[in-house]
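Welcome! Have the structure open beside you and work through the exercises below, one step at a time.

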Amino acid sequence: QVQVVESGGGLVQPGGSLRLSCAVSGSIYRVGTMYWYRQAPGKERALVASITAGGITRYGDSIEGRFTISRDNSKNTDWLQMNDLKPEDTAVYYCSANVNTDMWTGSVYWGQGTQVTVSS
């Protein structure tokens, strides 16, 4: 059994910063690429950022260099540092990860989501 738990969401004023974290735990053989998605009301879930086990990063189109994803493989944890937040960044942020529970079995696991609200 694998658990993915996000934390760090909350209410922040425009221009502020937040740091989200995502921890993967349980019966883990290997954690591969980790992702952050977000979903605003009435919109589809969209990729925010991803990071491979080797540290290769990719960002969604709307991020514009404001967010940074990082990870610590020894802790099966990643972080999403969000700076210069804008009201349009308001959404539920979800972490997901490609996890192998043994050498041959892998799947994508999702967290429950954490709310980020950017408002004055």
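## Exercise 1: A charged network

In this predicted model, the side chains of Asp89 and Arg38 meet in a salt bridge, with 2.9 Å from N to O. Find where the two partners sit in the chain, then look for what else Asp89 pairs with.

Solution. 

Step 1. Start with the term: a salt bridge is a side-chain nitrogen of Lys or Arg within 4 Å of a carboxyl oxygen of Asp or Glu. Side chains of opposite charge can pair when their charged atoms come close.

Step 2. Locate the partners. Asp89 lies in the loop between strand 8 and strand 9, while Arg38 is in strand 4 (residues 30-39), so their pairing ties together parts that are 51 residues apart in sequence. Strands here are DSSP runs of E with at least two residues, and helices are runs of H or I with at least four, numbered from the N terminus.

Step 3. Look for the other partner. Arg66 forms a salt bridge with Asp89, and their closest N and O atoms are 2.7 Å apart. This pair also links distant parts of the chain: Arg66 is in the loop between strand 6 and strand 7, 23 residues from Asp89.

Step 4. Through shared partners, the salt bridges join Arg38, Arg66 and Asp89 into one network. The structure holds 2 salt bridges.

Step 5. Check the surroundings. Asp89 and Arg38 are both buried, and Arg66 is buried too. Buried means under 20% relative accessible area, exposed over 50%, and partly exposed in between (1.4 Å probe, protein chains only).

A note on the basis: residues are numbered from 1 along each chain as its sequence is written, and side-chain values use heavy atoms, leaving out hydrogens and water. Local features need pLDDT of at least 70 and side-chain atom pairs count only at pLDDT 80 or more, while totals for chains, interfaces and linings use all residues.

## Exercise 2: The whole chain

How many helices and strands does the protein chain have? Work out its overall build as well.

Solution. 

Step 1. Count the elements: there are 0 helices and 11 strands.

Step 2. Consider the radius of gyration, taken over C-alpha atoms. For the protein chain it is 14 Å, close to the 14 Å that the globule rule (2.2 Å times the number of residues to the power 0.38) gives for 120 residues, so the chain is as compact as a globular protein of that length.

Step 3. Look inside. Buried residues make up 39% of the 120 residues. Of the contacts (heavy atoms within 4.5 Å) with a separation of 6 or more, 54% come from residues 24 or more positions apart.
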